[in-house]
Amino acid sequence: MADTRKTDTRNIALGKFGEDVIANFLQQRDVQILERNWRIKEGEIDIVALYPNGTIAFVEVKTRSSLAFGQPLEGISPIKMARLQRLSLAWRACHSRRWRSFQIDCAGVLIDKNGSHIIEYRANVS
Amino acid sequence: MSLGQSLSIALVGLTGHVVNVEVDIADGLPGYTLLGLPDTALTESRDRIRSALVNSGEVWPNKKVIVSLSPAWMHKSGSGFDLPIAISLLLASGVIPSERSSEIVYIGELALDGRIRSVRGVLPSLIAAYKNGIRSAVVPLANFGEAALMSEMVVVPMPDIATLLHWLRTGERAQVRKLELEVDEEDDSLDFSDVAGQDGARFAAEVSAVGGHHLLLIGPPGAGKTMIAQRLPGILPPLSREESLEVTALHSIAGGLSIRSPLSTCAPFISPHHTATRVAMVGGGSHQIRPGACSLAHRGVLFIDEAPECGVGVLDSLRQPLESGSITIARSVGSVAYPAQFILILAANPCPCGMFSGRGRNCTCSSHQVRRYLSKLSGPLMDRIDLRVEVEPLGRVQLMHNELGTSSAQIRQRVMNARSFATRRFINESWTLNAQIPSRALRTVYQPEAKAMNFLHSELDKEHISARGLHKIMRTAWSIADLSQHPKPTLEDTQRAFALREGVGI
């Protein structure tokens, strides 16, 4: 595993890019971004967003640069979903304000070589 | 539309139930949920279907796929649902038109490259579909042999999923030729003319074939017991279409159609080894209840060599099917009835060393061993066996005899003549074979000649035979009478029947 660090940096950059893409995508649709990369010991929520109707969405973003390992959304395993569920509870515990409702969204970003990207956005999964 | 639906069949024993295979493609994370009590092979369908579709150039939906097999309460098993699930999925994706695929039953397992593989139980599934008013079906090409027996239905054999989809989209497909019932070639190899001498055993086999009587052959090793038993199917009349369908359906469920041609009209011959378990003999299994040897021998011959060597209770487990012609197997998953109407042939050595015959000079067993050996065949079982003959070791006179014995074809002709004689007699009755005449009918309508009855009654008075034995002898006497075209069993017919049952002293 000689170039682990190199791959890691690349993957972090890729993930960051995908999260930026989704953040933009949400803002264009009048969704307010409350928080990015909210992190505690147990893990991280990529995006916490507030819909115009008052719903809070916890968004998991998965970015891939090829289809060699399948669609981006397929990379979100049931284990990851369960962790996101727990993290969302932690976030709510940390924010005492009363919200209208909560949901979990998943977004897949596929980037091809010339830099263009395809977004798949699934609202209220789980 | 993101809903798709197609039809398939779930088998419980020989009975099939129509299953609605519904697929919903919903928003959500990509995933695959299978509902409706699937077993392990069925749960694994996801990976087979996915690879098969992708490798056939179709698109797997990047969404949440929910598959429901309804009625949901029924246990479903086997890989035959791969094909209907794949079709429902493509219908849900909207990539194939729905008008042609409705009212078709789909059966088949998918290979990873998209080929459609054969499955068990295609024929009984199609029979069930037909009874439920479905008139067309898609089956694996490898199963077309048995599927073609359902000539009332439009059966489309398909080699792979790409060909199937091409047909569903365009309506174009290759013509398939009709298959006809055939007589197996293999029965030529086993001919009765090979059996030297053994007139007694030959006659017993012929009587057995005429009336469906069970047969016990006792003799030393090498005398020809197995030879005679193997040649019995060759002298049984060919199976009718209905019988052939029944037999093929049973063999299809057991997965035995690789050895037996599905279109064969030859009576089956099943010879389980004497180490067979009770479950192997009568059928069973914890998830799926499969037919055992006695059901595979339905309409044919069940031959058990070295019968006294069978495990405790194995032979006696055959008593119920011998009596009722069917076997009901109950397990926690349910209870299933399989037909089991067969001619039982038991072969046994006279003693553990096998030499206690003729003058018995070479026998090394103690008298106690000799007595114990055949007593392993229980009384109630022996009571159901009408014909018991000794197969004597051949002397040089018989072996030097150059002329061949009567051929199977000739004997079969005699058997068929005798059976047609019996069929005319039983035209208004619920049974067709002499061995099946109920005792009440024997006492009233089907009595032998007066002289023969006097003989039987005197034997009864001397306590040589029981009341049940008397009825058994009367049934055999009818078969002997049919062979000689006597309108009623004569004294001689009855005495021969008596000798066939009581001749061997056990």
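User: Domain bounds come from an automatic or database domain assignment. Which domains does chain B get?

Analyst: Domain 1 covers 3-170, domain 2 covers 186-408 and domain 3 covers 437-506. This is a predicted model, where local features need pLDDT of at least 70 and side-chain atom pairs count only at pLDDT 80 or more, while totals for chains, interfaces and linings use all residues. Residues are numbered from 1 along each chain as its sequence is written, with chains lettered from A and ligands numbered from 1 in the order in which they are written.

User: What separates the centres of domain 1 and domain 3 of chain B?

Analyst: 57 Å, taken over C-alpha atoms. The C-alpha trace of chain B spans about 85 × 50 × 45 Å along its principal axes.

User: How many helices and strands in chain B?

Analyst: Chain B has 21 helices and 18 strands, as DSSP runs numbered from the N terminus (helices H or I, at least four residues; strands E, at least two).

User: How do α7 and α20 of chain B cross?

Analyst: The axes of α7(B) (residues 199-211) and α20(B) (residues 467-483) come within 9 Å and cross at roughly 100 degrees (lines fitted to C-alpha atoms over the stretch in contact, angles from 0 to 180 degrees between N-to-C directions). That makes α7(B) roughly perpendicular to α20(B) (65 to 115 degrees).

User: Which residues of α7(B) make the contact?

Analyst: Glu206(B), Val207(B), Val210(B) and Gly211(B); their partners on α20(B) include Trp478(B) and Leu483(B). Contact is C-beta atoms, placed from the backbone, within 7 Å.

User: And how many residues of chain A touch chain B?

Analyst: Seven residues of chain A are in contact with five of chain B.

Key
Contact = placed C-beta atoms within 7 Å. Parallel < 35°, antiparallel > 145°, perpendicular 65-115°, else oblique.
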